[in-house]
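Hi,

Here is the structure I said I would pass on. Have a look first, and my notes follow below.

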Amino acid sequence: EVYRTAPNTGTFVGAINGPLFVQTEKGPVAAGNMVCPALLEIDLKNATQVGQGKCTITNDDGAMVFADWSCKGVHLVGCDGEIILTGGTGRMNGITGRGSVSVRTITQIAETKVMAGGTKAESARGILILDNLTYSLPEQ
């Protein structure tokens with residue numbers, strides 16, 4: 001949801017979540033689920049935005065990967081930056097790595113709610129894309 005938090009600022013507070021797919025030579029392959037709590041600040045005058053978040057990727061076997069990301073860009077166009085893998089559990093214990101991240105809004109505002117004090121909260125849908133992600137695991 002996006003809240004108006006200053007005269008010319010909107011703040012997205014929420015989570016990007018859903019299935020994770022890995023692009024292979026034969027097309028996308030399901031690789032688990034991802035949830036990424038996120039905070040993006042949007043300049044309502046010039047539509048620029050900056051954001052950051054954390055992700056938990058859970059594989060089908062229960063192993064987890066944790067990551068931090070940040071981005072800059074233009075609201076409703078995209079927010080591009082970097083993702084850094086910070087650790088994991090199970091077979092992903094000790095994972096490290098990094099890559100690029102793009103956060104894209106893919107639908108216009110789907111719902112508007114009026115909150116306390118007349119603040120409006122708006123909902124939308126989007127996608128988080130990881131590209132050129134490289135990682136390493138310690139030898140087991």
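Which side chains meet in a salt bridge with 3.0 Å from N to O? Those of Asp-80 and Arg-104 do. Asp-80 sits in strand 6 and Arg-104 in strand 7, 24 residues apart, so the pair links distant parts of the chain (strands are DSSP E runs of at least two residues, numbered from the N terminus).

Before the rest, some ground rules. This is a predicted model, where local features need pLDDT of at least 70 and side-chain atom pairs count only at pLDDT 80 or more, while totals for chains, interfaces and linings use all residues. Residues are numbered from 1 along each chain as its sequence is written, and side-chain values use heavy atoms, leaving out hydrogens and water.

A salt bridge here means a side-chain nitrogen of Lys or Arg within 4 Å of a carboxyl oxygen of Asp or Glu; the count comes to four. Another one joins Arg-91 to Asp-61, with the closest N and O atoms 2.5 Å apart. Arg-91 is in the loop between strand 6 and strand 7 and Asp-61 in the loop between strand 4 and strand 5, so this pair ties together parts 30 residues apart in sequence.

Cheers

Key
Helices (H or I, at least four residues) and strands (E, at least two) are DSSP runs, numbered from the N terminus.
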